[in-house]
Amino acid sequence: MSEYLASLSIKDRVLWLLIIGLSLRVAWVLSVENRLVSDFAIYHELALALISGKGYAVTGPVGVEDMSLYLSSSHLLPYTTAYRAPGTSLWAALLYLIFGVHPGIFKIFNVILSLATAFLLAGAVCPQNED
């Protein structure tokens, strides 16, 4: 096995690592139930508020629980907030607008983004002149 690995170019090794990483991510998404709790639930709630025209606002029970736990306060709903960074909710809202409200789509695109990140990092650290 070590002879085989030694015979591979850096690009081939990186390709194998990307394939293994993708396989593990897809296996995780398909086999592990990811319920809407904690951060995932809050980002989902904020994305729903965005696509329903309520703005970046807490609109339901998950956000209220989040506010009472972290902000020690309660507010009338919808409560516009920037307590959570908006990037994840904006990304989820865009996906929900395109594909419909299916949290599984959000997970699939997170796999694609993580693979793209790994690919970009591999391109940044691999020598460009090796085959």
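Start by selecting Y4, L15, W16, I19, I20 and L24: together they make a nonpolar surface patch of about 610 Å². A patch here takes residues with over 30% relative accessible area and no salt bridge, joining nonpolar side chains (Val, Leu, Ile, Met, Phe, Trp, Tyr) within 5 Å and like charges within 9 Å. A salt bridge, in turn, is a side-chain nitrogen of Lys or Arg within 4 Å of a carboxyl oxygen of Asp or Glu. The areas come from the Shrake-Rupley method with a 1.4 Å probe, and for residues only the protein chains shown count as cover.

Before you click on, a word about what you're looking at: this is a predicted model, where local features need pLDDT of at least 70, side-chain atom pairs count only at pLDDT 80 or more, and totals for chains, interfaces and linings use all residues. Residues are numbered from 1 along each chain as its sequence is written, and side-chain values use heavy atoms, leaving out hydrogens and water.

Which helix gives the most to the nonpolar patch? Colour helix 2 (residues 10-31): it gives 5 residues. Helices (H or I, at least four residues) and strands (E, at least two) are DSSP runs, numbered from the N terminus. Now zoom in on L15, which sits in helix 2. L15 is partly exposed, at 45% relative accessible area; buried would be under 20%, exposed over 50%, and partly exposed is in between (1.4 Å probe, protein chains only).

Next stop, the aromatic rings. There are 3 aromatic pairs, counted when ring centres of Phe, Tyr and Trp (its six-membered ring) lie within 6.5 Å; planes under 30 degrees apart are stacked, over 60 edge-to-face, and the rest tilted. Select W91 and F109: this pair is edge-to-face, 6.0 Å centre to centre, with 75 degrees between the planes. W91 lies in helix 5 (residues 87-99) and F109 in helix 6 (residues 103-125), so the pair ties together parts 18 residues apart in sequence. Both count as partly exposed, W91 at 27% and F109 at 22% relative accessibility.

Show W91, F99 and F109 together and you have one aromatic cluster.

Finally, zoom out: the protein has 6 helices and 2 strands, running α-α-α-β-α-β-α-α from the N terminus. Of its 131 residues, 26% count as buried.
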